[in-house]
Amino acid sequence: MADPVTASARLSVAPMMDWTDRHCRYLHRLMSARTLLYTEMVTAPALVRGQARHLLAFNPEEHPVAVQLGGSEPAELAEATAMACEEGYDEVNLNVGCPSDRVQSGRFGAVLMTEPALVARCVSAMIEAASVEVTVKCRIGVDDQDPEAVLPDFIARMRDAGVRRMQIHARKAWLQGLSPKENRDIPPLDYPLVLRMKARFPDMHLSINGGITSLAQAEAFLADGLDGVMIGRAAYHGPSDVLLQADQRIYGETTAPRSPEEVVRLMLPYIANHLAEGGKLGNVTRHMLGLFTGRPGARQWRRILSEGAHRPGAGVALVEEALGAVSPAAA
Ligand SMILES: Cc1cc2nc3c(=O)[nH]c(=O)nc-3n(C[C@H](O)[C@H](O)[C@H](O)COP(=O)(O)O)c2cc1C
């Protein structure tokens, strides 16, 4: 039997900067009890040198939750890993996939695909410092690298350093000339390569990521032998489609899925609490705009929330008003 966190990794919501913050994760957890959730990337220098431990704060309801770290200095990553474990995260993930400029100048993220020996030293140090599993999220290569050669070498080095679970974004990152956003769409996806990696490394737990938009697609990858599926943008923009049935379809649970309306009602006390602590309504509701996508009234829901959330005094009543604009679900 897999440990509970590994069992949850059959489906995960990808780490997304500015998107998968603690409010977003609280919402997603109400929609699926089992799906593994990832934080935004937190950099090791910010934690270790910048006294930014508050970036690790999360709600206990979010479990199972993995923190993603960025960095390339083994001792610093080890210290950041120890801090994350003290805070109670269920997994520590290293970012070897994100191509943003900020990330490259600090030698974080995808650029590290060119330095596998350094990444191996980083993860060894992290594993040494960790009380939970350390995992690695990577691309299939960068720039003119040949993924057929680079990816198996990279996985083998991670395995030899003690890593047992990885998430592979099935496209290259082009570090020159493409924006981070373009780097999530333009380099072509190569799913067959990731499937071949599973055949070559049967003992590794491999999750596939990139361009997956539905639970049906996730089920097909699992049926093809992959251990996990990680979904980013589709889970954020259409959380009801991806997450509400995940516990039943991906994990075989028998509990009835919640409706989006129930989820909104369950968010109300959380929102009230956030406001009472001085937070802004929009901090939370911006993650809820896609809850009714595809349903009559979805546009009014979005409009009422996005136009009203920043007005002075906006609160729970605005969310209730927006909910009133959504037509009841067809039976
Ligand atoms: C807004 C945004 C922010 C992202 N930030 C990160 C990040 O911090 N760390 C990371 O590893 N990947 C990051 N990614 C990449 C996603 O984790 C994922 O690999 C990518 O979006 C492909 O999956 P998808 O097609 O299912 O969205 C980000 C993606 C988006 C859209």
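## Helix packing: H4 and H6

A crossing is left-handed if the near helix is turned anticlockwise from the far one by less than a right angle, and right-handed if clockwise. Under that convention, H4 passes H6 in a right-handed crossing. This is a predicted model, in which local features need pLDDT of at least 70 and side-chain atom pairs count only at pLDDT 80 or more, while totals for chains, interfaces and linings use all residues. Residues are numbered from 1 along each chain as its sequence is written.

Helix H4 spans residues 74–87 and helix H6 residues 116–129; their axes come within 8 Å and cross at roughly 30°. Axes here are lines fitted to C-alpha atoms, for helices over the stretch in contact, with angles running from 0 to 180 degrees between N-to-C directions. Helices (H or I, at least four residues) and strands (E, at least two) are DSSP runs, numbered from the N terminus. From H4, the residues Pro74, Ala75, Leu77, Ala78, Thr81 and Ala82 meet Arg121, Cys122, Ala125, Met126, Glu128 and Ala129 of H6; a contact requires C-beta atoms, placed from the backbone, within 7 Å. By class, this contact of H4 with H6 has nine nonpolar, one polar and two charged residues. Ala, Val, Leu, Ile, Met, Phe, Trp, Tyr, Cys and Pro count as nonpolar, Asp, Glu, Lys and Arg as charged, and the others, Gly among them, as polar.

## Ligand shell and annotated site

Of the 23 residues around the ligand, Ala14, Met16, Met41, Gly232 and Arg233 come nearest; a residue is near if its C-beta atom, placed from the backbone, lies within 6 Å of the molecule. Strand S2 (36–43) and helix H10 (233–237) are the elements that give two or more residues to the shell around the ligand. By class, that shell has 10 nonpolar, eight polar and five charged residues.

The unreviewed UniProt entry carries a "binding site" annotation that covers residues including Met16, Gln68, Gly211, Gly232 and Arg233. UniProt positions are given in the numbering used here, feature names are shortened, and annotations may be inferred rather than shown by experiment. Gln68 lies in strand S3 (residues 65–70) and counts as buried because it has 27 C-beta neighbours inside 10 Å. The cut-offs are 20 or more other C-beta atoms within 10 Å for buried, 12 or fewer for exposed, and partly exposed in between, with C-beta atoms placed from the backbone. Beyond residues up to four places away in sequence, Gln68 touches Pro15, Tyr38, Thr39, Met41, Val42, Asn93 and Asn95. Gly211, in the loop between strand S7 (205–209) and helix H9 (215–223), has 18 such neighbours and therefore counts as partly exposed.

## Ile304 in helix H15

Ile304 belongs to helix H15 (residues 298–308) and, with 20 C-beta neighbours inside 10 Å, counts as buried. Apart from its neighbours within four places in sequence, Ile304 is in contact with Leu318, Glu321, Ala322 and Ala325. The C-alpha atoms of Ile304 and Ala322 are separated by 5.7 Å, although these residues are 18 apart along the chain.

## Backbone geometry in loops

His63 and Pro64 are joined by a cis peptide bond with omega about -5°. Pro64 lies in the loop between helix H3 (44–48) and S3, and Gln51 is also found between H3 and S3. Gln51 is not a glycine, yet its phi is positive, at about 50°; the residue is exposed, with 8 other C-beta atoms within 10 Å.

Asp18 likewise has a positive phi, near 70°. Asp18 lies in the loop between strand S1 (11–13) and helix H2 (22–31) and counts as exposed because it has 8 C-beta neighbours inside 10 Å.

Notes. Two residues are in contact if their C-beta atoms, placed from the backbone, lie within 7 Å.
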